[in-house]
Amino acid sequence: MKSVLIVEDEDDMVEIISYTLKENGFSVLSAKTASEMWEKLEDNKVDVILLDIGLPDESGIDVLKVLRRQGNDVPIVILTARRSDVDKIVGLELGADDYITKPFNRYELVARIRTVLRRYVGHKMDKNVVKLGKNTLDIESYTATDENGNKIEFTKKEFGLLKLLISNPRKVFTREEILDRIWGEDFFGDFRTVDVHVSKIREKLGDSVIKTVRGVGYKLGEI
Ligand code: CA
């Protein structure tokens, strides 16, 4: 059974969509805020996300950008009440698979979901490959390929650090946390080890790939 995560803050809307989807053989999860959505995604298998643009804590557009930057290629259908949003979604090519404007026909929604699912199965991404801006990272070989197909090589630690940040794109890591996670608790180096590795990664992928959070540590940058 395919599962759909409805990210929408209006109760009536969630109720009607979830009723329709269940009736059509889908299993349904829902989240009322972006932060609730991140939690649901961590703990559940989700095949399609129905994403409302107007969420109380964050714009659906920002959520979409972060998901795609993480390399998450789950099919996403945008729900929006405003025609102007549609221009934005289409114009910016943010990686949504489809959109539907409110108010919509319930059966049209089901048809759209089935279509994006079918398309998705057709070109399922290799899970060991992650898109990071213009670069493609190959998790198995610790390498990246830039937009021109040139190979960028990393040491195992550099790659581990990068992967840690990519897997938690919203989290700021302290140097201590990074040392523990990548070097292990028995490591006797100091925090500058982390700084050195961060600058090596920046040399290879550009300064903006990792953001320095003053007084705290590092997080994945805007790419
Ligand atoms: Ca809303």
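Let's start at one spot: Asp186 sits in the loop between helix H7 (175-183) and helix H8 (192-205). Keep in mind that this is a predicted model. Asp186 counts as exposed because its relative accessibility is 68%, and the cut-off for that word is over 50%. On the surface, Asp186 gathers with Glu176, Asp180 and Glu185 in a patch of negative charge.

Now step back and look at the whole chain. It has eight helices and 12 strands, and its C-alpha trace spans about 60 × 35 × 35 Å along the principal axes. Of the 223 residues, 43% are buried. The chain carries 36 positive and 40 negative side chains, with the centres of the two sets 3 Å apart.

Side chains of opposite charge can pair when their charged atoms come close. In this chain the count comes to 14 salt bridges. One of them joins Lys102 and Glu10, at 3.4 Å from N to O. Lys102 lies in the loop between strand S5 (98-101) and helix H5 (106-122), while Glu10 lies in the loop between strand S1 (3-7) and helix H1 (11-23), so this pair ties together parts 92 residues apart in sequence. Lys102 is buried, at 14%, whereas Glu10 is partly exposed, at 39%. Both belong to a network of salt bridges that also links Glu8 and Asp52.

Next, follow helix H8 to Lys204. This residue forms a salt bridge with Glu158, their closest N and O atoms being 2.7 Å apart. Because Glu158 is in helix H6 (residues 156-167) and Lys204 in helix H8, the pair ties together parts 46 residues apart in sequence.

Notes. Residues are numbered from 1 along each chain as its sequence is written. This is a predicted model: local features need pLDDT of at least 70, side-chain atom pairs count only at pLDDT 80 or more; totals for chains, interfaces and linings use all residues. Side-chain values use heavy atoms; hydrogens and water are left out. Helices (H or I, at least four residues) and strands (E, at least two) are DSSP runs, numbered from the N terminus. Buried means under 20% relative accessible area, exposed over 50%, partly exposed in between (1.4 Å probe, protein chains only). Lys and Arg count as positive and Asp and Glu as negative; His and the chain ends are not counted. The place of a charge is taken as NZ of Lys, CZ of Arg, CG of Asp or CD of Glu. Patches are made of residues with over 30% relative accessible area and no salt bridge: like charges are joined within 9 Å, nonpolar side chains (Val, Leu, Ile, Met, Phe, Trp, Tyr) within 5 Å. Accessible areas come from the Shrake-Rupley method with a 1.4 Å probe; for residues, only the protein chains shown count as cover. A salt bridge is a side-chain nitrogen of Lys or Arg within 4 Å of a carboxyl oxygen of Asp or Glu.
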